Amino acid sequence: MHVDAGSPSGARDCMRRMWSVVNPGSRRYLVIGLCRGKETLQPAPALLHSLLLCSCVFLGAALASPALGAGSAVSASEVEASVRKLAVRRLNGAAQRDRELREVASWVASQALVGGSDRATVRDRLWRQGVRDFEFQPVTVVGSGDSLVAAITPLLADSAVDWKRYNRFAVAVATAGSRWSVSLVATRRVGVLRPTSDGEQLVLRLPEGYSRPRVYATLPSGDVVERPAHLRGPGAWTLEAGADPIAGTSLLELLADGSRGPEVLAIWQSLGGQLKQVSGAPTPRLGTSPAGSSSLDASVADEERRTPREGRPLAANPYRQPSSSAGLSTAQTGETDQGDVRRIQALADGAAWVVGAAPGPLRSPQPEDAAAAEEHLWRLVQATRKSRGLLPLRKVAELVRAARRHAGDISRGEPFGHVTSSGTAMERLHREGVTVLRAQENVAIAADVAQVHAALMASPAHRANILDPDVSSGGFGVVLRRDASGRWSAVASELFAVVLADGDGDQWAGMVLNRINDRRRSEGLGPLRRRGRLDEVAREALAMLIEVGSTEFAPDQRRAIAEKARFHFLNVHRVGVDLLITTDPTAVDQVAHSIDPGYREIGVGIVRLQQPLRDHAAGALIITLVFAER
């Protein structure tokens, strides 16, 4: 299709239509975020990764026009200066021109005259110039010199892109006979990231407000690992960023905690242990690789850290030695799941959009469309886990409701992140009355849910959440939007969790004991030994408490508990009894008896409330701890 970019109306028409016709691979791409965390003794990286809040917005449109006559009344330098002034007004007030980006913008403008470039090739060019900024935005227009400024103006006014986020930019003009092109490339840069001379490390400096940087890497094998960061001084760290020793290219992401939680700041490739400045291998194309970032919000305390899993990867390659394409998702095979279309025949024109086969129809999204998109995203994740031999997730209604609330907050215009008006991921789960050992959250905005899944899988940190072998439950929420230009997009929130099953709470007892003993070790004390008889005493005390509907032990009840403990162990000198009713199992850290050096044995009783108990919602844990000294 040819559009005369010399006409403002033609540019506006092209902007409306390019979403689906001119460059279907260049649709507004993605905002992704990830939160990952645990409310247990060994939490993951601040509910970042919980979920990662990475944001990518994709516009990157090239408007093609027929060759126009020569004789332009303006020079290339004048066009460049005009577009630069326009960019300064649209971008962050502190946006700076960048030399490396200038080289990229010149290349993009030249490519536009000989066929154009997609987002993946622009990302590769950024890497060739040493630019690792996670969030970037290319805009290119082709036409006559006189028409370029008018043609690019509506693109820079597109409300789908938050131009104020970008603080580095460059503008370049290229000509070929009677055809001109102008390109703007903008990025969002947080901190300074420089490689060491040997390429095995990066020196990172972050501005005030950012802390705890870390690197996630998808290795050539497809496994995801976390690389450490070492504090060098105030606001400065050294990152282990070399590639895996095995042959191949690794994809690395830099995260740090900002005001809204974990945020992806940079992404790059490494090859053979050296930071990859020149990338010869093709990079993931649009729809398989995130291209930008926003803030990543943590929902657990900053002091929480991921506990190493004895050298195991955070996630494993789901595409290693697949026996057939039967276990692959539609995003992996590139084929449309016809079964999806049949199952949602009632949606008619929305069915193709749901499976990523066509743009959104010319109508507003309906609840049925959102339900179908939600189900399709669920099937994509399940198929991806199955292809790796991981157990399927169990869909939990409470997780679904929490995810929908999160997606709804963002769809109504709240800042993209894991912390919204409904709280953090953990707070949303608590409000639903579900208690979890661990919870991880991904959040994304993309053209459709197939793009959501492909982009999250291409991001090392988000991929780790999806392929975490330790999570067993999940719930996704999808809200659909249609902007003023008629373009559909999906706001998706994915929750992965280890949820306490219905029952007497035995799944939690080991976790509570481990947390208590970890605290004792930090105090230089020996571990407590769990005694079955003391467990019985603790559980009987809980049953009595629930039967009478009380939320505390009376003094005579505490004495009765102590007497029962002495009955089982005649030489007991001292008994301590603690009761907690909480949705946060880490509350056991506040129990003073747990670090009393005199106690050597413990009994643990835990019950999960099936119904509300006074001020405590269903799903809360009632924990009774009985300590004994003898």
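The model is a predicted one, in which local features need pLDDT of at least 70 and side-chain atom pairs count only at pLDDT 80 or more, while totals for chains, interfaces and linings use all residues. Residues are numbered from 1 along each chain as its sequence is written, and side-chain values use heavy atoms, with hydrogens and water left out.

Across the whole structure, a search finds four aromatic pairs. Rings of Phe, Tyr and Trp (its six-membered ring) pair if their centres lie within 6.5 Å; planes under 30 degrees apart count as stacked, over 60 as edge-to-face and the rest as tilted. In one of these pairs, the ring centres of Trp378 and Phe476 are 5.1 Å apart and the planes stand at 65°, so the arrangement is edge-to-face. Because Trp378 belongs to helix 9 (residues 367-387) and Phe476 to strand 19 (residues 473-482), this pair ties together parts that are 98 residues apart in sequence. Helices (H or I, at least four residues) and strands (E, at least two) are DSSP runs, numbered from the N terminus. Trp378 and Phe476 are both buried.

Phe476 also pairs with Phe496: their ring centres are 5.6 Å apart with planes at 70°, so this pair is edge-to-face. It links distant parts of the chain, with Phe476 in strand 19 and Phe496 in strand 20 (residues 488-499), 20 residues apart.

## Charges over rings

A charge sits over a ring if NZ of Lys or CZ of Arg is within 6 Å of the ring centre and within 35 degrees of the ring normal. Lys395 lies over the face of Trp378, 4.9 Å from the ring centre. Elsewhere, the charged end of Arg574 is placed over the ring of Tyr599, at 4.3 Å from its centre.

## Strand 10 and its neighbours

Strand 10 (residues 211-218) is largely enclosed by the rest of the structure, because seven of its eight residues are buried. Two strands pair if DSSP finds at least two bridges between them. Strand 10 runs antiparallel to strand 14 (residues 249-258), and six bridges join them; Ser211 stands opposite Asp257 of strand 14.

Strand 10 is also antiparallel to strand 11 (residues 224-227), with four bridges between the two. Thr218 has Val224 of strand 11 as its bridge partner. These two strands form a hairpin with five residues between them, and Gly222 in the turn has a positive phi of about 100°.

Note on methods. Buried means under 20% relative accessible area, exposed over 50%, partly exposed in between (1.4 Å probe, protein chains only).
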